[in-house]
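Dear colleague,

I am passing on the structure below, and my notes on what was found in it follow directly after. Please read them with the structure open beside you.

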Amino acid sequence: FKILNVITWRKLNPPPNFSCRTFTHSTEIIIWARKYKNVPHLYNYELMKALNGGKQMKDVWDFPSIARWEKKQGKHPTQKPLSLLSRIVLASTQKGDMILDPFAGSSTTGIAASVLDRRYIGIEKEQEFVDISINRYREFCSNGKMYYIEKIAGLPQDIDYLNP
């Protein structure tokens, strides 16, 4: 793989470290890579710039940890916030693209794909998390796309982010 960027997600409200024996984990790393060195990749530069107030997007992203409303259908130990996954989807795909998530967990990537008009295939071996994913998708279908768009941090309503 050719590593394109290493992005740092800085959690604005990290959960406390109750052991009091190490530092609080307040960041996570996202590796953005492509499989083949000489095969072009998609990067929606202008959209990322627009989402960043007209300035070039940096590799440190500030988002809160997962919100309470995102855990309504159940909890996954490594669940990521919809805002974070939405930015990843917007940065590297276009409307109608297919996203494969081989470790779907609670399917936050799938919810982001649905909200942003992408197609999605998720693979998950744990039935407990498959059930959470199904319930989250049902919740998405009943609430509608706008409910989620309004909750995703960093998506100004005046930008056509669905059609980069």
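A word on handedness is needed before the rest: a crossing of two helices is called right-handed if the near helix is turned clockwise from the far one by less than a right angle, and left-handed if it is turned anticlockwise. Please also bear in mind that this is a predicted model.

With that in hand, the crossing of H2 and H3 is right-handed. Helix H2, residues 82-92, packs against helix H3, residues 108-115, at an angle of about 60°, and their axes are 9 Å apart, so the two helices are oblique to each other. On the H2 side the contact involves Leu82, Leu85, Ser86 and Val89, which meet Thr108, Thr109, Ile111 and Ala112 in H3; by class, this contact has five nonpolar residues, three polar ones and no charged ones.

H3 also packs with helix H4, residues 127-143, here at an angle of about 20° and with the axes 10 Å apart, which means that H3 is roughly parallel to H4. The crossing of H3 and H4 is right-handed as well. Thr108, Ile111, Ser114 and Val115 of H3 make this contact with Arg136, Tyr137 and Phe140 of H4, and these residues divide into four nonpolar, two polar and one charged.

Finally, strand E4, residues 98-101, and strand E5, residues 119-122, run parallel and are joined by four bridges; Asp101, for its part, has Gly122 in E5 as its bridge partner.

Technical notes. Residues numbered from 1 in each chain as written. Predicted model: local features only at pLDDT ≥ 70, side-chain atom pairs only at ≥ 80, totals over all residues. Heavy atoms only, no water. Axes fitted to C-alpha atoms, helices over the stretch in contact; angles between N-to-C directions. Parallel < 35°, antiparallel > 145°, perpendicular 65-115°, else oblique. Contact = heavy atoms within 4.5 Å. Nonpolar A, V, L, I, M, F, W, Y, C, P; charged D, E, K, R; others polar. Pairing = 2+ DSSP bridges.
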